[in-house]
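Here is a short tour of one protein chain, written to be read with the model open beside you. Take your time, and turn the view as you go.

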Amino acid sequence: MELRSVEELMDLLYACRGVRGAPHAPAGARGGSGVDLHDHALQTAALLRRSRPADKELQLTGLVHPVGHLLCPTDPTGRAERAADAVRPLLGTRVARLIGLHPWLDAPADDDLLSLRQADEDGRVARFDAGVLEDWRTVLELVAARTSRLGAVD
């Protein structure tokens with residue numbers, strides 16, 4: 001599945017509401033009820049907005065990284081790759097690369113990946129008003145428009 005419009009992505013993010021999971025748990029890992037993926041996405045994106053306010057692509061990576069749970073519910077090891085492939089046409093190569101590398105501990109760690117992982121971890125336990133998904137529509141539209149203009153699709 002490739003997401004071709006902000007509306008498709010927004011629908012997928014809204015579908016994360018009420019879905020619980022332990023984002024990036026190792027394959028076969030058993031845990032508690034996990035986090036609500038919709039809330040987790042908002043928390044992670046908000047934390048990245050605080051720590052890296054100028055980096056809209058990184059913030060959106062935090063927002064959209066849980067969609068792999070919906071796209072690939074039965075294969076935890078394939079979720080990141082499936083999510084990366086889905087968002088690449090819309091949000092570009094950088095966002096897709098970060099989503100694809102995000103869960104793997106052996107991935108080369110750069111500042112972006114470290115920031116994303118820290119926000120992801122903090123977003124699992126942070127409880128603050130992270131706003132609503134609709135707050136992110138304009139940022140999604142701006143990044144999608146830039147991606148389209150630049151032809152940043154592989």
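This is a predicted model: local features need pLDDT of at least 70, side-chain atom pairs count only at pLDDT 80 or more; totals for chains, interfaces and linings use all residues.

## A closer look at I99

I99 is a residue of helix α6. Is I99 buried or exposed? Buried means under 20% relative accessible area, and I99, at 2% relative accessibility, therefore counts as buried.

Not counting residues up to four places away in sequence, I99 touches T61, V64, H65, A80, A83, A84 and V87.

## Where α3 meets α7

Now follow α3 to another partner. Helix α3 (residues 56-64) packs with helix α7 (residues 111-125) at an angle of about 40°, and their axes are 10 Å apart. The crossing of α3 past α7 is right-handed.

On the α3 side, the contact is made by L58, T61 and G62; on the α7 side, by D112, S115 and L116. These residues divide into two nonpolar, three polar and one charged.

## Where α2 meets α3

What is the angle at which α2 and α3 pack? It is about 165°, with the axes 7 Å apart. An angle over 145 degrees counts as roughly antiparallel, so α2 and α3 are roughly antiparallel to each other. Here too, the crossing of α2 and α3 is right-handed.

In this contact, A41, L42, T44, A45, L48 and R49 of α2 meet L58, Q59, G62 and L63 of α3. By class, that gives six nonpolar, three polar and one charged residues.

## How covered is α3?

How many of the nine residues of α3 are buried? Eight of them are, and the helix is mostly covered. The buried residues in α3 are E57, L58, Q59, L60, T61, G62, L63 and V64.

What covers these buried residues includes α1 (6-15), α2, α5 (79-91), α6, α7 and α8 (137-150).

D55 sits in the loop between α2 (37-51) and α3. With a relative accessible area of 12%, D55 is buried, the cut-off being under 20%. The side chains of D55 and R94 are joined by a polar contact of 2.7 Å. Leaving aside neighbours within four places in sequence, D55 is in contact with R94 and D112.

D112 is placed in helix α7. At 14% relative accessibility, D112 also counts as buried. Beyond its neighbours within four places in sequence, D112 is in contact with R52, D55, L58, R94, R97 and L98.

D122 is found in helix α7. Its relative accessibility is 33%, so D122 counts as partly exposed. If you look from D122 to Q43, you span 79 residues in sequence, with the C-alpha atoms 8.3 Å apart in space.

## The whole chain

The protein chain has eight helices and two strands. From the N terminus on, its elements run α-β-β-α-α-α-α-α-α-α.

Of the 154 residues of the protein chain, 48% count as buried. Among contacts in the chain with a separation of 6 or more, 64% are between residues 24 or more positions apart.

How values were computed. Residues are numbered from 1 along each chain as its sequence is written. Side-chain values use heavy atoms; hydrogens and water are left out. Axes are lines fitted to C-alpha atoms, for helices over the stretch in contact, and angles run from 0 to 180 degrees between N-to-C directions. Helices (H or I, at least four residues) and strands (E, at least two) are DSSP runs, numbered from the N terminus. A crossing is left-handed if the near helix is turned anticlockwise from the far one by less than a right angle, and right-handed if clockwise. Contact means heavy atoms within 4.5 Å. Ala, Val, Leu, Ile, Met, Phe, Trp, Tyr, Cys and Pro count as nonpolar, Asp, Glu, Lys and Arg as charged, and the others, Gly among them, as polar. Buried means under 20% relative accessible area, exposed over 50%, partly exposed in between (1.4 Å probe, protein chains only). A polar contact is a pair of N or O atoms within 3.5 Å; within protein, one must be able to donate a hydrogen and the other to accept it, and residues adjacent in sequence count only if both atoms are side-chain atoms. Angles under 35 degrees count as roughly parallel, over 145 as roughly antiparallel, 65 to 115 as roughly perpendicular and the rest as oblique.
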